[in-house]
Amino acid sequence: MKWQTIEAARTLLQTETGAVVRDWGGRIPIALVFPNSYTVGMSNLAMHGLYHWFSDLPDVACERAFATLDRREDRREPIVTLESQRPLRETSVVAFSISYELDYPNVLTALRRSDIPVFAHERRRFDPLVLMGGPAVSANPAVMGPIADAIMIGEAEEALPGLVEAGRFVLAQRRDLALDWLARLPGVWVPRAEQADRIKRQRVRDLSRRPFASSVVCPKAEFGNMRMIEIARGCVHACRFCLATRWYRPYREMDPQHVLELAREACGRWPKVALVSAAVSDYRKIDTLVEGLRSEGIAFSVSSLRAAPLSETLLEGLAASGARTLTIAPEAGSQRLRDAIRKGISHEDILRATAAAARLGFGSLKLYYMVGLPGETDEDVAALIALTREVSERFGGKVIVAVTPFVPKAHTPWQRQPMAPESVLDERMARIRAALPSDSIDIRAESIALARAQAIMARGDNALGEALARAANLSPKRVERVAARAGLHVEGYLAGWNTDRPLPWRMVDVHGSPVGEDEA
Ligand code: SF4
């Protein structure tokens, strides 16, 4: 192993406060892997939460690992854990937390670099168990089916002790028993085992039983200056393209007093807290929470907001905490298309949020849109341009416009809808760019090639997973080419699907099972 790799891990560890470094003797070594950079990974609430809850188990040595640490490491070298700088293959369990389909290539590269067989069926008794979880891979586990030993379907908190037990079998070189054990756990899909036809999505009843909050101070992470605290999970709205609302049903909230306690614990360690949920403005007691934070002098920011409902108390609190940018997501320019999406916000709501942002002195306003939505017409694109101009004029400051192509996702009402053809997306993106003045409006368009790769993997199947696993030098940009070279019908993944076409994720029962102390 090259010294640069070890040095990069050691240096990052030294910048942190709160990491749990344990002797492996008599413990089950678990690598919790985020298949992207350290900077992004340690800004991910699931990484913090899982690290904390795994480390809470005394017979576990949980260590974190990332696809990349910094520029000094050799990216062909085996990946090492941060805490003890040991290669992944020395652990008993390699648990990937995957938020996003575009990170699948990094999962495969991480296994290759670590000399762990990429195909599950090639692993031998001394190889670590490869587990995966996270919204992308558990909504459609088919693509990673040939690669994972097991995939957690739904929320993992309550399953952690069971997953750790599987690691104990691996430590004793009894992979066979580990897989049998996993196949009997609720919500765990073991692709090579005989199980019920459908695996129930797991969801916890009470968020406060195992709250998710930043557990390590990581100054080098993207949001390293704030303690992230999950205040709610799920969403009360039901936008037709959105996986989050389906996947995290039902909507659940933390008690504001509990959130305040977690925020108080941050004092002296983080300068700010970040309130995290799908739409912080929907939190029922948002005013109480904001007043509580302000009365204790705790500065805060939020993960995302909706244009309505939007409490004045929340906006004032954000401004007083030094927030410079207000972000809202109209998603579409015309009311007709917003209604078709079921976005539930009006033109007036957007203008009201704009006026509030101007009045409270926010320096910039960020608008999220999608293009290529089912049923979108040229008039809808014209409406997007007109709305952005109107917002820009009324706001007066810098407006940032983020435009992403619509990607159909598993379990959503639009799971069978097509992705718009590349030529249509190109033309619409170009039209938006040409029509909006670049001096006052900053347009950030997502790469269409990457969006196509994301869509292919979001609706992919076992065959796609096998093709990706066989490819050398895989990257998100190469996914489409790799699939085509393997003889797969790429446009088939992107096209509209008839209702009689079997879905690759049919093994997932999205309605799921609630788990929690009151259902033991
Ligand atoms: S408001 Fe946001 S999180 Fe909620 S359903 Fe719509 S897009 Fe999803």
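Helix α9 passes helix α10 in a right-handed crossing; a crossing is right-handed if the near helix is turned clockwise from the far one by less than a right angle, and left-handed if anticlockwise. The model is a predicted one, in which local features need pLDDT of at least 70 and side-chain atom pairs count only at pLDDT 80 or more, while totals for chains, interfaces and linings use all residues. Residues are numbered from 1 along each chain as its sequence is written, and side-chain values use heavy atoms, with hydrogens and water left out.

The two helices, α9 (residues 256–266) and α10 (residues 286–295), pack at an angle of about 30°, with their axes 10 Å apart. Axes are lines fitted to C-alpha atoms, for helices over the stretch in contact, and angles run from 0 to 180 degrees between N-to-C directions. The angle makes α9 roughly parallel to α10 (angles under 35 degrees count as roughly parallel, over 145 as roughly antiparallel, 65 to 115 as roughly perpendicular and the rest as oblique). Helices (H or I, at least four residues) and strands (E, at least two) are DSSP runs, numbered from the N terminus. On α9 the contact is made by P256, V259, L260 and A263, and on α10 by L289, G292 and L293, contact meaning heavy atoms within 4.5 Å. By class, six residues of this contact are nonpolar, one is polar and none is charged. Ala, Val, Leu, Ile, Met, Phe, Trp, Tyr, Cys and Pro count as nonpolar, Asp, Glu, Lys and Arg as charged, and the others, Gly among them, as polar.

An open sheet of six strands has the order β2-β1-β3-β4-β5-β6, with mixed pairing; two strands pair if DSSP finds at least two bridges between them. The edges are held by β2 (60–68) and β6 (188–189), each with a single partner strand, so one side of each has no neighbour in the sheet. Within this order, β4 (residues 129–133) and β5 (residues 150–152) run parallel and are joined by two bridges. L131 stands opposite A150 in β5.

Another open sheet comprises four strands in the order β13-β14-β15-β16, and its pairing is parallel. Its edge strands, β13 (325–331) and β16 (441–445), each pair on one side only. Neighbouring strands of this sheet are turned by 20° against each other on average, direction ignored. Strand β15 (residues 398–405) runs parallel to β16 and is joined to β16 by five bridges. The bridge partner of V401 in β16 is I443.

The ligand is surrounded by C235, H237, C239, F241, C242, T245, A278, R306 and K343, a residue being near a molecule if one of its heavy atoms lies within 4 Å of it. This shell has five nonpolar, two polar and two charged residues.
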